[in-house]
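Reader: I would like a close look at a single part of this model, namely its nonpolar core and the helices packed around that core. Please take me through it carefully, with the cut-offs stated as you go.

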Amino acid sequence: MARRLYTFNVQLSTALYGPLHMFEIALRNVTDRKMTADHGVDWLDDRQQMTAYGQSQVQKARDTLTRQNKIGTHSQLVAELNFGFWVGLYSRQSQHLWQGLRPIFQAPGIQRRALHGQLDELRSLRNRIAHYEPIIHLPLAQLYGNLTSITGWLSPSAAAWTQATSTWAAVYPGVPILVPVPDGQGLQLDAQAVQALPAV
């Protein structure tokens, strides 16, 4: 059973890679376009806009590009900055940016705090997958729903790509994989989820 669960975790992670990839690119590019329009092409170096964390990440990205003998153009910096930097632009510490960034999300009633929570959960999911950690205990249906919703709010074309290429529906069983045991102490495999496990 352990081998089947391990294999299933890999399959789920693989199915999430493409949608997470498109989500991160959409968030990065759309955010950068709006910040550039509002604050100019040098916004990454604007200390009035950047938190201490943001400034440190920009410098880290610039140092990496220097070691790679790259010029360090704006587009190179944007591509080099990690996902945590982009999520951080929606944190409480960067709430002064929210009024300008709010219009890039094509969804009514969206609130910064709730959005940042969802973005941070997706950042954590992305990092777990990147570091080959277990994800089967997570609320994957909810996370995937947030992932596709936010991608759609940012870019309908990115959402269309995800819908056309995603293998998630073919891999995920449609029910939580791990559910609480009757006494509430711990988790157990859902009976329906067991049927979705690969036979290895």
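Author: The largest nonpolar core has 52 residues, and those with the most contacts inside it are L16, Y90, F105 and L140. A nonpolar core here is a set of buried Ala, Val, Leu, Ile, Met, Phe, Trp, Tyr and Cys residues joined through side-chain atoms within 4.5 Å, where buried means under 20% relative accessible area, exposed over 50% and partly exposed in between, with a 1.4 Å probe and protein chains only. This is a predicted model, in which local features need pLDDT of at least 70 and side-chain atom pairs count only at pLDDT 80 or more, while totals for chains, interfaces and linings use all residues. Residues are numbered from 1 along each chain as its sequence is written, and side-chain values use heavy atoms, with hydrogens and water left out.

Helices α1, α2, α3 (74–80), α4, α5, α6 and α7 each supply at least two residues of this core, and the largest share, 11 residues, comes from α1. Helices are DSSP runs of H or I with at least four residues, numbered from the N terminus. One of the core residues with the most contacts, F105, touches L27, Y90, W98, I110, L115, I150, W153 and L154, not counting residues up to four places away in sequence; contact means heavy atoms within 4.5 Å. In soluble globular proteins, nonpolar side chains tend to be buried together.

The 19 residues of α6 should span 27 Å at 1.5 Å a residue, and its end C-alpha atoms are 26 Å apart, which agrees; the expected span is 1.5 Å times one less than the number of residues. In α6, the residues R112, L115, L119, L122, L125 and I129 are buried. They cover an arc of only 150° around the axis, which puts them on the same side of α6, the arc being that of the directions from the helix axis to the C-beta atoms. These buried residues pack against α1, α4 (83–88), α5 (98–101) and α7. After α6 comes Y132, whose phi is positive, near 60°.

E24 forms a salt bridge with R126, the closest N and O atoms being 2.7 Å apart, where a salt bridge is a side-chain nitrogen of Lys or Arg within 4 Å of a carboxyl oxygen of Asp or Glu. This pair links distant parts of the chain, with E24 in helix α1 and R126 in helix α6, 102 residues apart. E24 counts as buried at 17% relative accessibility, whereas R126 is partly exposed at 29%. A further salt bridge joins E133 to R128, with the closest N and O atoms 3.3 Å apart; E133 is partly exposed at 31%, and R128 is partly exposed at 21%. By this rule the count comes to 5 salt bridges.
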